[in-house]
Amino acid sequence: MREHGCPEEDLFSFLSSKRREDLGYRNILSSMCTPPHPVAARTHAMFLETNLGDPGLFPGTASLEELLVQRLGALMHHPGAGGYATSGGTESNIQAFRIAKKQKPVTSPNVVVPASSHFSFQKACDILGLEMRTAPLDDQFRIDTETLEGLIDRNTVALVGIVGTTEYGVVDPIACLSDLAEDRDTFLHVDAAFGGMVVPFLDRPAAFDFQLPGVDSISVDPHKMGMSTIPAGCLLVRNPRWFSCLNVDTPYLTVKQECTLAGTRPGASVAAAVAVLEYLGMDGMRAVVAGCMENTRRLIEGMETLGYPRAVTPDVNVATFSCDHPPAGWRVSKTRAGHMRIVCMPHVTRDVIEAFLGDMSDTNA
Ligand code: PLP
């Protein structure tokens, strides 16, 4: 550290120069994050110093966390769901596996996840000493349920289905996984970190949530399509009492036990997540999602006209193509199988799509 502090002006000029090194969102087509909704940014500033790790000191903010869980639980057809605000999909997935593992104490526990699963499940398995069994995908990049069945045995503590896969934006056949989980008496975790804030707002949403009796827990991230500030995730569970298996004593805090993974936790991004939901309501979210889906369709149509076929027709706003030369100046990503991947987040507007297609067309010429 410096021996003597730096003058404020010099400091902020240094910080501004660093901030200018960051990319602006306009040309970022690869991210599942987006600039926060203005209401989220304003709320975040209001709640900057709040700490949900010691909720008795911040009862107002803590009640906003409860409201977030209530709102998202109701969105997932279970207003009485248990839950808490996590730092994102990774923490939610880890915590879901912790609960599943504690519910079924076996000597060599395994979990069965689709090959499309997010890398957070590798971290969860590593931390928790779980064998990760990977179920292959069908030709539409969804989990192949027949092969999956053969991977389940009496040491299987959890199955996972994905709603809005990170790479291809498809939804696994969750109803089928729910039946399987019930038949085999296995915990079913649904990773809807991305799609949980998309699918409920589509015109004809497929059932993927607690209305299916086999679904035990759901990850859903307000800091992705919920346009909150970062970090804002949420883990929901069917039975609020399940969290008690994660409790540790917290003798010097205002609450005597906690089940969360993190100790000190931001209230600002959680309040921001609630603020967006309250401000937009169902019809506002439907409009945002309809816009993203329309832009996704336009992108697919435009790319196919240029000779780049889609890899799959997505269920959510992630488009993938057989194309290995993105135009200069745009950030797209590549899937493990080598497809170009574009996430049509709210900042990826129709104008942005047209500009991208224009540059693709020039690249072609
Ligand atoms: N699950 C899915 C389906 C995701 O797409 C992601 C991130 O993109 C995650 C989990 C991890 O979320 P986070 O980066 O917020 O921890």
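Select Ser-117, His-118, Phe-119, Thr-166 and Glu-167: of the 28 residues that line the largest pocket, these lie nearest its centre. A pocket here is an open set of points on a 1 Å grid over the protein atoms alone, where a 1.4 Å probe fits, with protein on both sides within 12 Å along at least five of seven lines; lining residues have an atom within 4 Å of a point. This is a predicted model, in which local features need pLDDT of at least 70 and side-chain atom pairs pLDDT 80 or more, while totals for chains, interfaces and linings use all residues. Residues are numbered from 1 along each chain, and side-chain values use heavy atoms, without hydrogens or water.

Next, colour the lining by residue class: 9 are nonpolar, 14 polar and 5 charged. Asp, Glu, Lys and Arg count as charged, Ala, Val, Leu, Ile, Met, Phe, Trp, Tyr, Cys and Pro as nonpolar, and the others, Gly among them, as polar.

Now select helix 2 (residues 38–46) and helix 8 (residues 268–305), whose axes come within 8 Å and cross at roughly 145°. Helices are DSSP runs of H or I with at least four residues, and strands are E runs of at least two, numbered from the N terminus. Axes are lines fitted to C-alpha atoms over the stretch in contact, with angles from 0 to 180 degrees between N-to-C directions.

Move to Pro-231, in the loop between strand 6 (217–220) and strand 7 (233–237). The peptide bond from Ile-230 to Pro-231 is cis, with omega near 5°.

Finish at Asp-185, between helix 7 (174–183) and strand 5 (187–191). Asp-185 is not a glycine, yet has a positive phi of about 50°.
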